[in-house]
Amino acid sequence: MKILLVIIFFHLAVMYRAKQTENDGIPYLSVFFITILLVGFVMIIMFRWEFPET
């Protein structure tokens with residue numbers, strides 16, 4: 001559930017950033033930076049993931 005919330009949050013951040021642009025271009029640098037943050041947070045959450053005992 002935590003991973004899903006992180007992914008949704010960063011996708012909303014990208015959409016919000018894309019809407020803020022004043023011209024018709026795409027803010028590639030900002031979107032790339034937010035995407036790198038998304039991948040980093042998901043990797044951190046997955047590495048800290050505790051596996052259930054079987």
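Hi everyone, let me start with three phenylalanines: Phe9, Phe10 and Phe41 are joined into a cluster by ring pairs. By a ring pair I mean rings of Phe, Tyr or Trp (its six-membered ring) with centres within 6.5 Å; planes under 30 degrees apart are called stacked, over 60 edge-to-face, and the rest tilted.

Before I go on, a word on what we are looking at. This is a predicted model, where local features need pLDDT of at least 70 and side-chain atom pairs count only at pLDDT 80 or more, while totals for chains, interfaces and linings use all residues. Residues are numbered from 1 along each chain as its sequence is written, and side-chain values use heavy atoms, with hydrogens and water left out.

Back to the rings. There are two aromatic pairs in the structure. In one of them, the ring centres of Phe9 and Phe10 are 5.3 Å apart and the planes sit at 75 degrees, so this pair is edge-to-face.

Are Phe9 and Phe10 buried or exposed? Phe9 is exposed, at 55% relative accessible area, whereas Phe10 is buried, at 9%. The cut-offs are under 20% relative accessible area for buried, over 50% for exposed, and partly exposed in between, with a 1.4 Å probe and protein chains only. Across the protein, buried residues account for 15% of the 54 residues.

Now the overall picture. The protein has two helices and zero strands; these are DSSP runs numbered from the N terminus, helices being H or I with at least four residues and strands E with at least two. Its radius of gyration is 15 Å, well over the 10 Å from the globule rule for 54 residues, so the protein is more spread out than a compact globule. That radius is taken over C-alpha atoms, and the rule is 2.2 Å times the number of residues to the power 0.38. The C-alpha trace spans about 55 × 15 × 10 Å along the principal axes.

How do the two helices pack? Helix 1, residues 2-20, and helix 2, residues 28-47, meet at an angle of about 175 degrees, with axes 10 Å apart. The axes are lines fitted to C-alpha atoms, for helices over the stretch in contact, and angles run from 0 to 180 degrees between N-to-C directions. The two helices are therefore roughly antiparallel; that label goes to angles over 145 degrees, with under 35 roughly parallel, 65 to 115 roughly perpendicular and the rest oblique.

Among the residues making that contact are Ile7, Phe10 and Arg17 of helix 1, and Leu38, Phe41 and Val42 of helix 2. Contact here means heavy atoms within 4.5 Å.

Ile7 is partly exposed, at 28% relative accessible area. Not counting residues up to four places away in sequence, Ile7 touches Leu38 and Val42. Ile7 and Val42 are 35 residues apart along the chain, with their C-alpha atoms 7.8 Å apart.

Arg17 is also in helix 1, and at 26% relative accessibility it is partly exposed. Leaving aside neighbours within four places in sequence, Arg17 is in contact with Pro27, Ser30 and Ile34. Pro52 is 35 residues from Arg17 in sequence and 38 Å from it in space, C-alpha to C-alpha.

Finally, Lys2 belongs to helix 1 and is exposed, at 60% relative accessibility. Between Lys2 and Phe32 there are 22 Å, C-alpha to C-alpha, and they are 30 residues apart in sequence.
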